[in-house]
Amino acid sequence: MTDSAVTVDPATGRPGHPPVVVQTPATSANLGAGFDCFGLALGRHDELSAELTGGADGELVIEVTGQGADEVPRTADHLVVRAIARAFAAAGRPGPLPGLRLSCTNRIPHGGGQGSSAAAIVGGLLVGRALSVQLGAPIELSEADVLDLAVAMEGHPDNVAPALLGGFTIAATGADGRPAVVSRTVHPQIRAVLFGAHTASSTEHARGLLPASVPHRDAVANVGAAALFVHAVTADPTHLWAATADRLHQDYRAAAMPASAALVRELRAAGYPAMISGAGPSVLVLTTSALDVQAWRRPGFDAAELTVDTAGAVVVTEGDRRSS
């Protein structure tokens, strides 16, 4: 790939292509009984802005503000840049990226069970797809291609599916190893209240706490609750409390996040369908009844009611930005 692949405006010295701006929602996975299967897109968004600079291949300028700004690298190891490179390769333009300027505005906390890595991956893939089109790449990636690439990078589909598609998603891995994903509309009366934990946890560590096998009765209970949840979240929310019961992952991880486990117990004892968000330590409540967010505030958590994001990740123009 050469510098001449980017057309530069002689009057301004800037690339002839406009920046690509992508907004990607936060997500909550598992949703009680739907371990590694269910996901929900929430109205909190990271934003990426990227443009081709006309500089030397591999030349990167990366700016990061907001969550994790002091922690993430400003090199090709940045997760968004890795996703952009993956999209370029899949679009038929392997090798070093062209000169690139990337700006990341992060609103999704890192390590909080709100899908920050999925947002970075999906957002980066969409940026890479759009930039590769600007450069005339031989392959234009479909939505299914983007999903396959995102699952390969993340390792499982439960967060990347709602980040890409929006709404409530159900994901399964087919016999061919590819994800089968559907998105469903959430019942309009359902409110999502997120208790964002101030501490972070590692998904890898949380997975390491799970046993290699579980009692048959627990597996059966989760199958029933998961099936009920699909009906509850889309058609009849009166079943949400029973449908969010879990026996596969939350109790096994409780010792690693005692404050979160205690908050879930308190909320459920009060009749609210509460669950650990993803691998934790944040807590999510899906309810149709009034929940006094101020009264339920606890040390170590920020509480906020969020909308359900119905669009998923989108390429936006200046006038179309979503508030977060």
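A residue counts as buried when its relative accessible area is under 20%, as exposed when that area is over 50%, and as partly exposed in between (1.4 Å probe, protein chains only). By this scale Arg-101, at 31% relative accessibility, is partly exposed. The model is predicted: local features need pLDDT of at least 70, side-chain atom pairs count only at pLDDT 80 or more, and totals for chains, interfaces and linings use all residues. Residues are numbered from 1 along each chain as its sequence is written, and side-chain values use heavy atoms, with hydrogens and water left out.

Side chains of opposite charge can pair when their charged atoms come close. The structure holds six salt bridges (a side-chain nitrogen of Lys or Arg within 4 Å of a carboxyl oxygen of Asp or Glu). One of them joins Arg-101 to Glu-51, with 3.2 Å between the closest N and O atoms. Because Arg-101 lies in strand S4 (residues 100-106) and Glu-51 in strand S2 (residues 38-52), this pair ties together parts that are 50 residues apart in sequence. Helices (H or I, at least four residues) and strands (E, at least two) are DSSP runs, numbered from the N terminus. Glu-51 is buried, at 10% relative accessibility.

Another salt bridge links Arg-178 and Asp-148, at 2.2 Å from N to O. Arg-178 sits in the loop between strand S5 (168-173) and strand S6 (179-184), and Asp-148 in helix H3 (residues 143-154), so parts 30 residues apart in sequence are tied together. Arg-178 is partly exposed at 42% relative accessibility, and Asp-148 is partly exposed at 21%.

Helix H3 also packs against helix H1. Two packed helices are described by the angle between their axes and the distance between the axes. Axes are lines fitted to C-alpha atoms, for helices over the stretch in contact, and angles run from 0 to 180 degrees between N-to-C directions. The axes of H1 (residues 79-90) and H3 come within 11 Å and cross at roughly 135°. That makes H1 oblique to H3; angles under 35 degrees count as roughly parallel, over 145 as roughly antiparallel, 65 to 115 as roughly perpendicular and the rest as oblique. Contact here means heavy atoms within 4.5 Å. On the H1 side the contact residues are Leu-79, Arg-82, Ala-83, Arg-86 and Ala-90, and they meet Leu-149, Ala-152 and Met-153 in H3.

Helix H6 (residues 216-234) carries Asp-218, while Arg-247 lies in the loop between helix H7 (240-243) and helix H8 (250-253), so their pairing ties together parts 29 residues apart in sequence. Asp-218 is buried at 12% relative accessibility, whereas Arg-247 is partly exposed at 41%. Asn-222 lies in helix H6 too, and is buried with a relative accessible area of 3%. Not counting residues up to four places away in sequence, Asn-222 touches Ala-33, Ala-245, Asp-246, Arg-247 and Leu-248.
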